Amino acid sequence: MKAIVLAAGLGKRMKSSLPKVIHKILGKPMVNWVISSIIKSGIKTQDITVVTGYKAEIVEGLLPEGVKKVRQNEQLGTGHAVMQAMKTIEGNDPILVIPGDVPLIEPHTIKRLLEDAVKGYETLVLTMKLDDPAEYGRVIEKNGKIRIVEAKDASPDERKISEVNTGIYVFDAQFLRNALEKLSPDNAQGEYYLTDVVQFAQKAKKLIIGDPTESIGINNRIELSRAQKVAQLRINRRHQLNGVTIIDPDSTYIDPEAVIGKDTVIEPMTFIYGKTTIGERCNIGPFTRVFNSAIHNDVTIVRSEVDEAVVHNNCSVGPFSRLRPGAILLEGVKIGNFVEVKKATIGKGSKAQHLTYIGDAEIGENVNVGAGTITCNYDGRRKHRTVIGDGSFIGSNTALVAPVNVGKGSVIGAGSVITEDVPDYSLGLGRARQVNKIDRYRKSEKGE
């Protein structure tokens, strides 16, 4: 089986400087939703050809590795786009043709089309029935042949037809090659219409989709938001049926690629994007964003940002914490309010509970990092590492000027600026001696 994804259009009604198909639903470009469904239906990545056009380099840069890319340099219609793709497709496998702006199409629907394709049909047309067909092309079947009439060309009687074209087809490869040669741009738009190919088929079949929302195209921002709502609730329902508690599905946004374990609770206003995995018995949210991260079991994350980080079992994060790329929390770590961790590994049982920045660091096990501590990792040109040994205690308001090592079991006095290594089991102090000026600010008994 082969697939052609049509992703060359501008999408004028989106009112955007970006190609329509890269606008995102739950953080994922809509064309990638389509490609994911194609792959899940059984078509291999290397058998998918994406036709790009407007700002092709942007679209191509977002496509999964392995898909083929063909450019439609002139925007001469859907039939012309398929012509460009067919120049690179060999063999006689059935060919799925699908728009890049139908992100809600389900793999089982595509699979159903492909199963019928092997029965010898020249053309399979996926249709849907709508109460208000609006500007969709009407599907007319007569004497074993199928014809698609665009709404603007339909007669009054034809416009009453409720069965319409989704723009999704499966063609016999040789039939498609021959039919494309018969296309003509002799129409008001001066374009080659793929819908005209259908009428040439002697053996055609239409399949009515069960859920019309799967094939609704997206032409403007209103339709984009509607599609996101459908996708959001569909994904949330799947997780709920798999044993995840979602307190408020309407305010929870989960990427289609995310994996969440059973008995995890997702609080309201939580965003889980990218290839994120969350284990069992976790509590995530409220007001939390997780992106491309691995969260293990029994983790609590409250009102925080987690970006390309790894959080091991029994950790707690937040509220108001930020884990930046490269943050690794080992088992039992506690990261508290207004703590930021970047490109640092924090050992088992260690704590940084308040107002702290840990960047480019390696923190051992059972370390206590006091409130207001910062690792001074940047000298204006390069980043440097801080290493803190097991069991150390870092006093509040400490500045660790990297590169610097604090030995295991050591204590750093509160308010210190540490610029040199501290040996194991030592007390490190780096602050000016306190001076008291007696009676400097005495006030008279009269309050003067």
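A search of the whole structure, which is a predicted model, finds 19 salt bridges, a salt bridge being a side-chain nitrogen of Lys or Arg within 4 Å of a carboxyl oxygen of Asp or Glu. In this predicted model, local features need pLDDT of at least 70 and side-chain atom pairs count only at pLDDT 80 or more, whereas totals for chains, interfaces and linings use all residues. Residues are numbered from 1 along each chain as its sequence is written, and side-chain values use heavy atoms, with hydrogens and water left out.

One of the salt bridges joins Lys2 to Asp93, with 4.0 Å between the closest N and O atoms. This pair links distant parts of the chain, 91 residues apart: Lys2 belongs to strand β1 (residues 2–7), and Asp93 to the loop between α3 (78–86) and β6 (95–99). Helices (H or I, at least four residues) and strands (E, at least two) are DSSP runs, numbered from the N terminus. Lys2 is buried, at a relative accessible area of 13%, while Asp93 is partly exposed at 35%. For these classes, buried means under 20% relative accessible area, exposed over 50%, and partly exposed in between (1.4 Å probe, protein chains only).

A further salt bridge connects Glu158 and Arg147, whose closest N and O atoms are 3.4 Å apart. Glu158 lies in helix α5 (residues 156–159) and Arg147 in strand β9 (residues 145–149), so the pair ties together parts that are 11 residues apart in sequence. The relative accessible area of Glu158 is 17%, which places this residue in the buried class; Arg147, at 37%, is partly exposed. Salt bridges that share partners also join Asp116, Lys119 and Lys205 into one network. Asp116 is buried, with a relative accessible area of 9%, whereas Lys119 counts as exposed at 53% relative accessibility.

The domain assignment of the protein chain gives domain 1 (2–214) and domain 2 (244–428); such bounds come from an automatic or database domain assignment. The centres of the two domains, taken over C-alpha atoms, are separated by 47 Å. Their contact (heavy atoms within 4.5 Å) takes 6 residues from domain 1 and 6 residues from domain 2.

The size of an interface is often given as the accessible area lost when the parts come together. Domain 1 and domain 2 bury about 450 Å² between them, 59% of it on carbon and sulfur atoms; buried area here is the accessible area (1.4 Å probe) that two parts lose on being put together, summed over both. Of the area that domain 1 buries against domain 2, Leu26, Lys28 and Lys40 supply 79%, more than any other three residues. Across this interface the rule finds 1 salt bridge. The side chains of Lys28 and Glu257 meet in a salt bridge at 2.9 Å, N to O. Helix α1 (residues 30–40) gives the most to the side of domain 1 that touches domain 2, with 3 residues.

Thr270 is found in strand β16 (residues 270–273) and counts as buried at 0% relative accessibility. A polar atom of the Thr270 side chain lies 2.9 Å from the backbone oxygen of Glu267. Leaving aside neighbours within four places in sequence, Thr270 is in contact with residues including Ser251, Tyr253, Ile284 and Phe287.

Terms used. Polar contact = N/O pair within 3.5 Å; in protein donor to acceptor, adjacent residues only side chain to side chain.
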